[in-house]
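Colleague: I am new to reading protein models. Could you walk me through this one, feature by feature?

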Amino acid sequence: MNRTTQAPDALPARGRNGAATAAPPPARAAARRRPASQQWAAWAFLAPVTLYLALFYAYPLYRNIDLSLRNYTVRSFVQGDAPFTGLANYRTVFDDPAFAPALLHTVVFTAVCLVFQYAIGLALAVFFNQHFRLSATLRALFLVPWLLPLIVSASTWSWMLNSDSGIVNATLHAVGIGPVNWLTSPSWSLTSVIIANIWIGVPFNLVVLYSGLQSVPGSLYEAAALDGAGPWRRFWSITFPLLRPVSAITLLLGLVYTLKVFDIIWIMTKGGPADSSTTFATWSYQLGFGNLLPAFGPGAAVGNLLVVAALVFGLVYVRVQRKQALS
């Protein structure tokens with residue numbers, strides 16, 4: 001009797017109970033090996049970003065925290081023997097008479113800039129969303145303040161708001177209004193830097209909100225118009241609610257940017273006169289580098305307060321987004 005023989009590779013595998021089990025096909029085995037290679041490829045792509053964040057974000061943040069917890073002087077930077085002081089630098093900052101005015105100026109500067117930048121940016125985004133002739137050209141011109149270097153923008157506003165030769169006071173004089181000491185008066189210095197920062201930040205809000213409007217279906221506006229809804233009704237019932245996710249990230253990014261604004265204030269007023277336009281950003285610089293005897297520890301502590309404020313608002317944003325995703 002003839003018996004057919006099978007190659008060893010074709011024999012079925014035996015389990016513990018003697019039952020035959022099918023061997024995994026080569027394609028399935030390759031599929032099992034593929035995720036490991038894909039994971040290594042993913043880590044390879046993440047490595048440059050991780051290294052960049054570690055070198056330029058994590059390490060400076062660690063050094064700033066270390067500065068705020070030690071009594072650093074110029075000599076300490078050379079010899080590296082700064083004594084550990086704990087939260088003494090933070091107590092020094094909180095007890096400083098300049099803390100309350102700087103906090104108030106930071107809150108006012110941030111809140112007013114955010115409100116006006118968002119409101120003007122949203123109005124311009126809705127206006128340009130109508131796609132009229134020259135819409136793209138005008139939209140590109142509105143990006144100029146955002147593209148200019150901050151030192152150029154701040155210097156231009158300093159010239160425009162100059163008490164003697166500024167174009168703003170010249171215009172006020174032409175309509176019969178007396179000159180205003182925009183940059184040298186404690187009553188107007190904070191207003192001056194707020195106006196300049198609003199002008200610089202509006203293009204960013206315009207770009208982001210305009211891109212958000214492109215995702216709103218036009219059929220919703222057509223249906224609302226057929227139901228008799230006017231422009232204001234369509235805006236409050238369709239445009240504004242559908243722009244909430246985009247508005248949230250716009251306000252968050254604007255908040256983080258505005259909290260750390262330093263260039264504009266320092267170039268225009270240097271935080272003065274009489275600290276009337278000093279914010280946490282300029283105060284931190286003044287403490288660390290604006291004196292003959294720099295206070296590196298308190299300056300770093302003020303900078304860390306800004307980091308904590310931005311982190312708190314970022315966590316609030318993440319929590320709100322999670323609630324909206326679950327609802």
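Modeller: Gladly! Let us begin with secondary structure: helices (H or I, at least four residues) and strands (E, at least two) are DSSP runs, numbered from the N terminus. Here the protein chain has 15 helices and two strands.

Colleague: Where do these coordinates and residue numbers come from?

Modeller: This is a predicted model, in which local features need pLDDT of at least 70 and side-chain atom pairs count only at pLDDT 80 or more, while totals for chains, interfaces and linings use all residues. Residues are numbered from 1 along each chain as its sequence is written, and side-chain values use heavy atoms, with hydrogens and water left out.

Colleague: What percentage of the 327 residues in the protein chain count as buried?

Modeller: The idea first: buried means under 20% relative accessible area, exposed means over 50%, and partly exposed is in between (1.4 Å probe, protein chains only). In this protein chain of 327 residues, 32% are buried.

Colleague: Which residues have the most contacts inside the largest nonpolar core?

Modeller: A nonpolar core is a set of buried Ala, Val, Leu, Ile, Met, Phe, Trp, Tyr and Cys residues joined through side-chain atoms within 4.5 Å. The largest one here has 31 residues, and F109 and M268 have the most contacts inside it. Helices α4 (99-128), α7 (150-160), α9 (189-213) and α13 (263-268) each give two or more residues to this core. Its largest share, 11 residues, is from α9. Beyond its neighbours within four places in sequence, F109 contacts L190, V193, I194, N197, T258, V261, I265 and T279. Another core, of 15 residues, lies apart from the largest one; L255, L259, A301 and L306 are among its members.

Colleague: What does T110 touch, not counting residues up to four places away in sequence?

Modeller: T110 touches L255, T258 and L259. This residue sits in helix α4, and it counts as buried because its relative accessible area is 5%. T110 also shows how sequence and space can be compared: K260 is 150 residues away in sequence, yet the C-alpha to C-alpha distance is 9.5 Å.

Colleague: How should I read a polar contact?

Modeller: It is a pair of N or O atoms within 3.5 Å; within protein, one must be able to donate a hydrogen and the other to accept it, and residues adjacent in sequence count only if both atoms are side-chain atoms. T250, in helix α12 (residues 244-259), is one case: its side chain reaches the backbone oxygen of V246 at 2.7 Å. T250 is buried, at 1% relative accessibility. Leaving out neighbours within four places in sequence, T250 contacts F204, N205, V208 and L209.

A second case is T278, in the loop between α13 and α14 (280-289). The side chains of T278 and D275 are joined by a polar contact of 3.4 Å. T278 is buried as well, with a relative accessible area of 4%.

Colleague: Which peptide bond is cis, and what is its omega?

Modeller: The bond joining G272 and P273 is cis, with omega about -5°. P273 lies in the loop between α13 and α14, and K270 is found in that loop too. K270 is not a glycine, but its phi is positive, near 55°. Its relative accessibility of 49% makes K270 partly exposed.

Colleague: Which residues make the nonpolar surface patch?

Modeller: Like charges are joined within 9 Å, and nonpolar side chains (Val, Leu, Ile, Met, Phe, Trp, Tyr) within 5 Å. Here L134, L138, L141, F142, V144, L148, I151, V152 and W199 make a nonpolar patch of about 760 Å². Both α5 and α7 give two or more residues to it. L134, in the loop between α4 and α5 (135-141), is exposed at 55% relative accessibility.

Technical notes. Contact = heavy atoms within 4.5 Å. Patch = residues over 30% accessible without salt bridge, like charges linked within 9 Å, V, L, I, M, F, W, Y side chains within 5 Å. Areas by Shrake-Rupley, 256 points an atom, 1.4 Å probe, with all protein chains shown as cover. Salt bridge = Lys/Arg side-chain N within 4 Å of Asp/Glu carboxyl O.
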